[in-house]
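Subject: Structure for you to look at

Hello,

I am handing over the structure we discussed. Please open it alongside this message; my notes follow below.

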Amino acid sequence: MSKTKRTVQYFAGICATFAFTFTGATISWSSPVIPKIKSGEANLLLTDAQISWAIALAALGALPGCYIGQVLCERVGRCRTILFASLPGVTGAVMLLFTTMPGLIYLGRFLSGISNGITAVVTMVYLTEIADKEIRGALGMLVQVMINLGALSMYGIGPFVSYTAINSIVLAIPVINLLLCLWLPESPYYHLKDERFADAKKVFMILKGCKDVKWAEEQLGIIRIHVRESMENKSTVMELFSNMKYRKAVYIVTGLKILQYMTGCLAIQSYLENIFAQSSSVPGAYVSIVYGILQLVAGVGATFLAGYFGRRILMGVSSAGVAFSMTIVGLYFFLQDTINISAKSLETISSMPLVGVLLFNVLYAVGLGTIPYIMQAELFPINVKTVASSSATMMACILNFVVTKCYQGVKDMFGHYIVFWSFALIAYLGIVFIYYFVPETKSKTLEEIQDFMDGKKNLEVEMLNERNDSEILEKNS
């Protein structure tokens, strides 16, 4: 078998995932901006209700962004869609930079959300289609690294610069991303979907860094058979949810998205300073910086772990760690608000929220933060891949809204500890779900994964066995 060079795959993965830096910056934009608005430093006259709309509209914009990403991904290709995703982000950032009108600020945030929605749909599809099975997980983990990098740019720089400077940073990110992605080679799967075998072979050899035409044609032949089989079925939402063929993958991805977003990641980020205020270990002014740095380091570490451990192991460890850390945070608030232990005793355990949230930060990044994104692009065949990715991302947006919206109400009605123990309960159930229902996809090609999901014998192994048998017969004759 011909050896491949993965230099192009690595660079393509880094450039394509850089778009998630804008996602991280958009999510964390409110952290340094809200104090500047309330202090008058930003020269914006916004009420608390208007500020909340400005924050929420970015998540709302991701919903149409998912649909736009799905349509563009199928009609114009993965690479053009990645480039297009930068345009609404640039437009939205320009509006935030130059306007003081609430309506235009809303529109700017909404456009930023559209950009994030398109990115979430197309990038993971692109990565899984261009990457060798040995590095697909590591490249997928770059998503979390880039999100954390964008968040750190807001946490670490935002509090110390002007409102204009913050929005200038946000604007610079999609511009840089657009320039980085101009060279990206298209996915060979996209070409094969439309029967452009010559184009597919050309980009396949570029991505693999090989000059062995015969080997490339053999590998593409295997892929081509699977693509043709998949394209015999429709590429619609109705097909995805009505055809029993995809039911197993739908159940798995649905469970993973619930586990990914109902364990409290967005709620913790939204109420970070309130939670950390329970501990005196870190000064309040710098707590978000500490959190952001640790988040980035954890994301980088997870990319290396992905190359050594399987998806199931990483998600199992991650889910167990998230469950344990949320149990710790919930226990503190239970002792504080329900048991009403003495102030002296409470002081001795005042670091529990800090320890719990930091543990959550690290262990969430190891698995739950990224692997569900990877698997939603791995488990579905090419005819419904973008539809499935779009639907999964829309589901994530809805779950994010539910968690962040219900956080305060559940806290006020039942107590703070119930919030965190609810997150912990979902994570504990997630351990069972991962063990019994989630397949291992590490070191498997997309074709091998589809054969496994369909319960079929692997086509590549079958072809290799036939070729070896024919070679043996030739030698004997």
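At 23% relative accessibility, Arg224 counts as partly exposed. Please bear in mind that the model is predicted. Arg224 pairs with Glu195 in a salt bridge, and their closest N and O atoms are 3.5 Å apart. Since Glu195 sits in the loop between α9 (188-193) and α10 (197-208) and Arg224 in helix α11, this pair ties together parts that are 29 residues apart in sequence. Glu195 is also partly exposed, with a relative accessible area of 41%.

Helix α11 itself covers residues 213-231, which is 19 residues. From first C-alpha to last, α11 reaches 25 Å, close to the 27 Å expected at 1.5 Å a residue. At its start, a side-chain oxygen of Asp212 comes to within 3.3 Å of the backbone nitrogen of Lys214. The buried residues of α11 are Trp215, Ala216, Gln219, Leu220, Ile222, Ile223, His226, Val227 and Ser230. Viewed down the helix axis, these buried residues fall within an arc of 150°, so they line one face of α11. An α-helix has 3.6 residues a turn, so residues three or four places apart point the same way.

On salt bridges in general, the count comes to 15. Arg6 takes part in two that I would look at together. With Asp132, the N to O distance is 2.8 Å. Arg6 lies in the segment before α1 (7-17) and Asp132 in the loop between α6 (102-130) and α7 (136-157), so the contact ties together parts that are 126 residues apart in sequence. With Glu134, the N to O distance is 2.9 Å. Glu134 is in the loop between α6 and α7, so this pair with Arg6 joins parts that are 128 residues apart in sequence. Asp132 is buried, at a relative accessible area of 8%, whereas Arg6 is partly exposed at 26% and Glu134 is partly exposed at 42%.

There is also a network of salt bridges that links Glu74, Arg78, Glu129, Lys193, Asp194, Arg196 and Asp199.

Last, the cysteines. The structure holds zero disulfides. For Cys79, the nearest cysteine sulfur is that of Cys181, 8.3 Å away. Cys79 is buried, with a relative accessible area of 9%. The sulfur of Cys265 has its closest cysteine sulfur in Cys397, at 12 Å, too far for a bond. Cys265 is buried as well, with a relative accessible area of 7%.

Regards

Note on methods
Residues are numbered from 1 along each chain as its sequence is written. This is a predicted model: local features need pLDDT of at least 70, side-chain atom pairs count only at pLDDT 80 or more; totals for chains, interfaces and linings use all residues. Side-chain values use heavy atoms; hydrogens and water are left out. Helices (H or I, at least four residues) and strands (E, at least two) are DSSP runs, numbered from the N terminus. The expected span of a helix is 1.5 Å times one less than its number of residues. Buried means under 20% relative accessible area, exposed over 50%, partly exposed in between (1.4 Å probe, protein chains only). The arc is that of the directions from the helix axis to the C-beta atoms. A polar contact is a pair of N or O atoms within 3.5 Å; within protein, one must be able to donate a hydrogen and the other to accept it, and residues adjacent in sequence count only if both atoms are side-chain atoms. A disulfide is a pair of cysteine sulfur atoms within 2.5 Å. A salt bridge is a side-chain nitrogen of Lys or Arg within 4 Å of a carboxyl oxygen of Asp or Glu.
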